[in-house]
Amino acid sequence: MMVPVRCFTCGNVVGEHWEEFKARAREGDEDPEEVLDELGVDRHCCRRMLVSHKDLVDIVSPYQ
């Protein structure tokens, strides 16, 4: 779950790409730039938001 789901700068929805980006780029061996290209995230502000996002759900609620 990515909160917020929209880019702060342009307002595009970026939360829909978070799970796949996290699975492929952060936990996998794929290059984040290539993953974002394949997902169709073209704007610099949206790319920055996905790359720099820290998932707080794991920190806030460690017991699932």
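Reader: Why does Trp-18 count as buried?

Author: This is a predicted model, and in it Trp-18 has a relative accessibility of 1%.

Reader: Why is the aromatic pair of Trp-18 and Phe-21 called tilted?

Author: One aromatic pair turns up in the model, and it is Trp-18 with Phe-21. Their ring centres are 6.2 Å apart, and the limit for a pair is within 6.5 Å. The planes make an angle of 40°. Stacked would need under 30 degrees and edge-to-face over 60, so tilted is what remains.

Reader: How do you know that Trp-18 and Phe-21 are separated by about one helical turn?

Author: Both sit in helix α1, residues 18-26, and they are three residues apart there, which means about one turn of the helix between them.

Reader: What makes Glu-20 and Arg-24 a salt bridge?

Author: Their side chains come to 3.0 Å, N to O. The limit is within 4 Å, so the pair qualifies. Both residues belong to helix α1, four residues apart, or about one turn.

Reader: Which residues are linked with Arg-24 in a network of salt bridges?

Author: Glu-20, Glu-30 and Glu-38 are joined with Arg-24 in that network. For Glu-30 and Arg-24, the closest N and O atoms are 3.0 Å apart. The side chains of Glu-38 and Arg-24 meet at 2.3 Å, N to O. That last pair ties distant parts of the chain together, with Glu-38 in helix α2 and Arg-24 in helix α1, 14 residues apart.

Reader: How do you know that the buried residues of α2 are on the same side?

Author: The buried residues of helix α2 (residues 32-39) are Val-35, Leu-36 and Leu-39. They span an arc of only 95° around the axis, so they lie on the same side of α2. Their cover includes α1 and α3 (44-52). Just after α2 comes Gly-40, with a positive phi of about 85°.

Reader: Why does Arg-47 count as buried?

Author: Arg-47 is in helix α3 and has 17% relative accessibility. That is under 20%, so buried is the word. A polar atom of the Arg-47 side chain lies 2.7 Å from the backbone oxygen of Val-41. Leaving out residues up to four places away in sequence, Arg-47 touches Glu-33, Leu-36, Asp-37, Val-41 and Asp-42.

Reader: Which residues of the largest nonpolar core touch the most other members?

Author: That core has 13 residues, and Cys-7, Val-14, Phe-21, Val-41, Cys-46 and Leu-50 touch the most other members. Helices α1, α2 and α3 each give two or more residues to the core, with the largest share, four residues, coming from α3. Apart from neighbours within four places in sequence, Cys-7 contacts Asn-12, Val-14, Cys-45, Cys-46 and Met-49.

Key
Residues numbered from 1 in each chain as written. Predicted model: local features only at pLDDT ≥ 70, side-chain atom pairs only at ≥ 80, totals over all residues. Heavy atoms only, no water. Phe/Tyr/Trp six-rings, centres within 6.5 Å; stacked < 30°, edge-to-face > 60°. Buried < 20%, exposed > 50% of the residue type's maximum accessible area, 1.4 Å probe, protein only. Arc of directions from axis to C-beta. Contact = heavy atoms within 4.5 Å. Polar contact = N/O pair within 3.5 Å; in protein donor to acceptor, adjacent residues only side chain to side chain. Core = buried A, V, L, I, M, F, W, Y, C linked by side-chain atoms within 4.5 Å.
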